[in-house]
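This report walks through one protein model, starting with single residues and ending with the whole chain. Please keep the sequence and the structure in view while reading.

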Amino acid sequence: MSEHEGKRLVVKIGSSTLTKDNALDSSYLEGLAAQIAALRKEGWQVVIVSSAAIACGLEALGIRERPQDMPSLQAAASVGQGALSNAYAQAFARHDVLTSIVLLTRRDTADRTAYLHARDTLVRLLELGVVPVVNENDTVSVEQIRFGDNDTLAALVACLINADLMIILSDIDGFYNANPQTNPHAQLIHEVSYIDKSIMNVAGGVGSSVGSGGMITKIKAARVLMAAGIPMTICHGRAENAVVRAAAGEPLGTRFVSKGVPHEITPRKLWIALGDAAHGAVVVDDGAKAALITQGRSLLCVGVRSVEGDFEAGDIIDIKDATGHLFARGKVNAGRDEIELGCGLTRDALERNRLLAPLAEKPIIHRDELVVFE
């Protein structure tokens, strides 16, 4: 039996990698299918998260420049999804591999039950020997329910199936210590084991005009995967045998791997981290940050300094430090107005206030419903 038997791999392909001259690159797709077929023979179970539906649709419709209005983009996605699906089916059929199309929006994952159904479907497809091709359902997505980029979607899929590795095929060699498009002295970083504010700052804005993501979205995806203990590699999608080499552990591109999972990451916590978009945020002091990161505590009102956004009890919110760095996310037990009134108050002070007394009975975010990214 191969050492890779039963291992699960998510391969995310960006639009700029999958297209050439604003059209689907069939030759590249055939090469990708050959690589994945080879990995399957080694025992890997593979899920592809693919962009390019809109690009395919624009090509079919004869539209040269990407529209800015949502109806045109959704119309292009509607036309292009069929072409993209057919292209995958044909490329993989040459290797006797069956593909399927799975279209998701945040509406499908924001609900806990729907999230679990999506997981069960993907796992069953893998058990049946199928290579699922996942994409955001751009035909019906609107801003409020969009993932916004397929890097986030790929990280969600990797967590859903408890992947052993995620590979992002990009139009850049990996993660650099500066923007290589503007700094000729930028150097490729081969391994990242910790994502802090400095890494996030370096990542800001590097991306292609063809797709909707950039380096920052890839780093955010890596942040969640590292918390879950899932390694991630970013490499140039057109490097020779990139998928096979990355899966084999060769030093290709940048590998993001945590030295250890610092806290227990349950399926529920992964859903909190990626299943729904954040509805707001709380900014906490240094003491509260240390308690969350190093002591495994819940978040209390006394550690909160300010509130951002508009959210209700039960929503997913971000947790930031005083510098604005996002280091955790969780399911909040109270609404914005209550927390804003209770900022900095101790439990005793909350109990003495008839309006805020309910906040003293339980933490703002319980440890069991909180994910720390550091």
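Aspartate 96 sits in the loop that joins helix H4 (70–93) to strand S5 (99–104). Helices (H or I, at least four residues) and strands (E, at least two) are DSSP runs, numbered from the N terminus. The model is a predicted one, in which local features need pLDDT of at least 70 and side-chain atom pairs count only at pLDDT 80 or more, while totals for chains, interfaces and linings use all residues. Residues are numbered from 1 along each chain as its sequence is written, and side-chain values use heavy atoms, with hydrogens and water left out.

The phi angle of aspartate 96 is near 60 degrees, a positive value in a residue other than glycine. Aspartate 96 counts as exposed because its relative accessible area is 74%; the cut-offs are under 20% for buried, over 50% for exposed and in between for partly exposed (1.4 Å probe, protein chains only).

Asparagine 241 also has a positive phi, near 50 degrees, and is not a glycine. Its loop runs between strand S11 (232–236) and helix H10 (242–247). Asparagine 241 has a relative accessibility of 38%, so it counts as partly exposed.

## A buried isoleucine

Is isoleucine 199 buried or exposed? Isoleucine 199 is buried, because its relative accessibility is 14%. This residue belongs to helix H8 (residues 197–203).

Leaving aside residues up to four places away in sequence, isoleucine 199 touches Phe175, Tyr194 and Ile219; contact means heavy atoms within 4.5 Å. Isoleucine 216 is 17 residues from isoleucine 199 in sequence, and their C-alpha atoms are 9.3 Å apart.

## A negative patch

Asp310, Glu312, Asp337 and Glu338 form a negative surface patch. Patch residues have over 30% relative accessible area and no salt bridge, and like charges are joined within 9 Å. A salt bridge is a side-chain nitrogen of Lys or Arg within 4 Å of a carboxyl oxygen of Asp or Glu. Asp and Glu count as negative, with the charge placed at CG of Asp or CD of Glu.

Aspartate 310 is in the loop between strand S14 (304–309) and strand S15 (316–320). With 61% relative accessibility, aspartate 310 therefore counts as exposed.

## The whole protein

The protein contains 15 helices and 17 strands. It has 374 residues, of which 53% count as buried. Among contacts with a separation of 6 or more, 74% are between residues 24 or more positions apart.

The protein exposes about 16500 Å², and carbon and sulfur atoms supply 47% of this area. Accessible areas come from the Shrake-Rupley method with a 1.4 Å probe.

Terms used. Patch = residues over 30% accessible without salt bridge, like charges linked within 9 Å, V, L, I, M, F, W, Y side chains within 5 Å.
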